[in-house]
Amino acid sequence: MKMINSQLLLTYFYIFIYICLSSGVILFNKWVLSPKYFKFPFPITLTMIHMGFSGAVAILLVRVFKVVQPVKMTFQIYATCVIPISAFFASSLWFGNTAYLYISVAFIQMLKALMPVATFVMAVICGTDKLRCDLFLNMLLVSVGVVISSYGEIHFNVIGTVYQVTGIFAEALRLVLTQVLLQKKGLTLNPVTSLYYIAPCSFLFLFVPWYVLEKPEMDLSHIQFNFWIFFSNAVCALALNFVIFLVIGRTGAVTIRVAGVLKDWILIALSTIIFPESTITGLNIIGYGIALSGVVMYNYLKVKDVKASNPLPADALPVKDWKADKRSSDLYKGDSDISNIDGHKGLAASESVVDEEAPLLSSRVSYVGRGQMNNLSSR
């Protein structure tokens, strides 16, 4: 009994750390980027720091310390799968981080309720999901809620809203492309190898818009570049990836979805305290409540679909021990039996667990892009 209680306490501790880290990374990034606080209004630069740090850590773990073995990655797979996925990944981070310059954290979290809508739309367009009446009505409910919430936003900004929504759809397209491009390849990556392949490539993609848009505006004499601020920011973002992986391993999709909803409410409340300009209205809350009800129902339907196609409960499936598995066995054959690192059959992109702050690890689609972990770098 004591062992059961200790394991339960450890699970709750992981969930608590996940909520703290995810909320902390978002608030930390907002504070760094805001022209009112740390005054470093260069979102692409911040994202590149995250990508460079995560990539460097992954290279050390794979090449130097040999924690895991790299997968059998051919040039064809890298060129046709990893590169386009990395491009959309970089785009989603770029647009998502830029939104912090224009709109509040609370409103950004409300807009993120559109993530299931964007993923569902992209999945239907790409043919990986079917247009179902029940799911369509849920998506319509979410969209109406977000529109109401936007109408009630006091400091509504068109540019910031467009950036955030564009980032959401870029992330949704990346999720779907991960499934479309890599499902038949049978490629699955663990958290370390996900960072190893995706982060450096995304860094290179971000370099082009950084050189064109931000480099000319960067006056080094007026920039506050505190090494410890950026280092701690990158460490927190990286730590979030692995905490999400641990939470998924100990609980499963349903629990982390519930924890994510709780985190969003806590984050909205905290943001109004830490950033007084982040005022929320009654219409904001009503709209977000409507959107959230649609998201909860959507999650219920998708989990129900998964349970119907899988005899084991969604939260009772074992996690593959990626630390112990040092063989080059991450390449699996076959189209119909592609396993994720947690032992699940591959889930559709629209069924993935998404934490926007940890986009490389939080998805259950682990073919490459979200390889189990969500904000490798922030969104």
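**Buried polar residues and helix packing**

Asn29 is placed in helix α1, residues 2-33; helices here are DSSP runs (H or I, at least four residues), numbered from the N terminus. The model is a predicted one, in which local features need pLDDT of at least 70 and side-chain atom pairs count only at pLDDT 80 or more, while totals for chains, interfaces and linings use all residues. Residues are numbered from 1 along each chain as its sequence is written, and side-chain values use heavy atoms, with hydrogens and water left out.

With a relative accessible area of 0%, Asn29 is buried; the term means under 20% relative accessible area, whereas exposed means over 50% and partly exposed lies in between (1.4 Å probe, protein chains only). Its side chain makes a polar contact of 3.0 Å with the side chain of Asn233. A polar contact is a pair of N or O atoms within 3.5 Å; within protein, one must be able to donate a hydrogen and the other to accept it, and residues adjacent in sequence count only if both atoms are side-chain atoms.

Two further buried residues lie in other helices. Ser92 belongs to helix α3 (residues 75-98) and has 0% relative accessibility. Its side chain is joined to that of Glu171 by a polar contact of 3.2 Å. Thr178, in helix α7 (residues 158-182), is likewise buried, at a relative accessible area of 0%. A polar atom of the Thr178 side chain lies 2.7 Å from the backbone oxygen of Arg174. Thr178 and Val82 are 96 residues apart in sequence, yet 8.6 Å apart in space, C-alpha to C-alpha.

The buried residues of α6 are Leu135, Asn138, Met139, Val142, Gly145, Val146, Ser149 and Ser150. Because they cover an arc of only 135° around the axis, they are on the same side of α6; the arc is that of the directions from the helix axis to the C-beta atoms. An α-helix has 3.6 residues a turn, so residues three or four places apart point the same way. The buried residues of α6 pack against α4 (105-111), α5 (115-126) and α11 (282-309), contact meaning heavy atoms within 4.5 Å. The face turned away from this buried side carries the exposed residues Cys133, Val147 and Tyr151.

Finally, the axes of helix α8 (residues 191-214) and helix α9 (residues 227-250) come within 11 Å and cross at roughly 140°. Axes are lines fitted to C-alpha atoms, for helices over the stretch in contact, and angles run from 0 to 180 degrees between N-to-C directions. The contact is made by Pro191, Val192 and Leu195 of α8 and by Leu238, Phe242 and Phe245 of α9.

Definitions and conventions:
Helices (H or I, at least four residues) and strands (E, at least two) are DSSP runs, numbered from the N terminus.
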